[in-house]
Amino acid sequence: MTSTTCPRPLNHIGISVPDIDRAIAWYAEVLGYRLFSGPFDLVASPSAQAQFQDALGERCKHVRIAHLSTGGGVGIELFQPVSPASLPDVNDIRFDQSGPFHICVTDPDIDGLISKIIATGGSQISEVWDDRPPSGIYRMVYCRDPFGTIIEIHTHPYEIVQGWRVGNEVKENTEEFTILETQNE
C-alpha cells in the first residue's frame, strides 16, 4: 500500500529542564544551538488560564520557556517548570514509556562531542558502537546532558545510517548509500 500523505516537517522538540538559564548556556556551548526567543514566564493568570491549563494541565501554574534554533531547522523549546517545580532526575532511560525518550544529533567528530558533553557536566552512558557495516565508519553513542535528557549521537545523517535496512532485511548493496554519503558531506 502506497501512502499519499506528505511527510510533515518536524517543527520543534520540547525538553523540560530544572534550570533554563543553565540549559540555554549548555545547549549553546555544547551543541551550538542559538537562543532566539526568551526565556520568558508563562503564568496561569485569569485571562490565559483556560488555554494554559488546557494545554499543560490544571497542576501547571508557572513555567519558564525559551526557544533555540538548531543546525537543521528543527527548534528546541526548553521548559522549566516553576510551579510545580521539576521532579528529580531519573537515571534510567525510560524507553518503556510512550513518548519521546531521547534526541539525536549528527556529528562526524563523535569523540570530540562526547568529550565536550562530559567536560560540561553531562555523561556518556553507553559505549561508542559501530552502527552498521563497514565496521568503524558509522558510529553511535548515547550520552546524557546535565539536566537528564538523553542525547544520541551518530556520525552520519539519519537516512544514511538507517536507510540500509529494508523491513527486517539488511541491504546487501550499500553502494547507493555511499553515493548519498559523499553528496551530503
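This is a predicted model: local features need pLDDT of at least 70, side-chain atom pairs count only at pLDDT 80 or more; totals for chains, interfaces and linings use all residues.

Q: OK, which residues in the largest nonpolar core touch the most other members?

A: That core has 25 residues, and the ones touching the most other members are Trp 26, Tyr 27, Leu 31, Leu 78, Ile 151 and Ile 153. Several elements each supply at least two residues, among them H1, strand E4 (75–83) and E9.

Q: Which element gives the most to this core?

A: H1 does, with seven residues. In general, nonpolar side chains in soluble globular proteins tend to be buried together.

Q: What does Leu 78 touch?

A: Leaving out residues up to four places away in sequence, its partners include Ile 15, Val 17, Ile 24, Tyr 27 and Arg 64.

Q: Let's take Val 17 then. Where is Val 17 found?

A: Val 17 is in the loop between strand E1 (12–16) and helix H1 (20–31). The C-alpha atoms of Val 17 and Leu 78 are 6.7 Å apart, although 61 residues separate them along the chain.

Q: Is Val 17 buried or exposed?

A: Val 17 counts as buried because its relative accessible area is 1%, and buried means under 20%. Beyond its neighbours within four places in sequence, Val 17 is in contact with residues including Phe 79, Pro 81 and Phe 147.

Q: And Arg 64, buried or exposed?

A: Arg 64 is buried too, because its relative accessible area is 19% and the cut-off is under 20%. Arg 64 is in strand E3, and a polar contact of 3.2 Å joins its side chain to that of Asp 21. Arg 64 also touches Pro 39, Phe 40 and Asp 41, among others.

Q: What kind of peptide bond joins Gly 38 and Pro 39?

A: A cis one, with omega about 5 degrees. Pro 39 is in strand E2 (residues 34–43).

Q: New topic: pockets. How much space lies in the second largest pocket?

A: About 720 Å³. There are 23 residues lining that pocket, and Tyr 33, Ile 103, Cys 104, Val 105 and Thr 106 lie nearest its centre.

Q: Which element has the largest share of that lining?

A: E5, with four residues.

Notes: Residues are numbered from 1 along each chain as its sequence is written. Side-chain values use heavy atoms; hydrogens and water are left out. On a 1 Å grid over the protein atoms alone, a cavity is a set of points where a 1.4 Å probe fits but cannot get out, and a pocket is an open set with protein on both sides within 12 Å along at least five of seven lines; lining residues have an atom within 4 Å of a point. Grid points are joined across faces, edges and corners, and a volume is the space filled by probe spheres set on the points. Buried means under 20% relative accessible area, exposed over 50%, partly exposed in between (1.4 Å probe, protein chains only). Contact means heavy atoms within 4.5 Å. A nonpolar core is a set of buried Ala, Val, Leu, Ile, Met, Phe, Trp, Tyr and Cys residues joined through side-chain atoms within 4.5 Å. A polar contact is a pair of N or O atoms within 3.5 Å; within protein, one must be able to donate a hydrogen and the other to accept it, and residues adjacent in sequence count only if both atoms are side-chain atoms.
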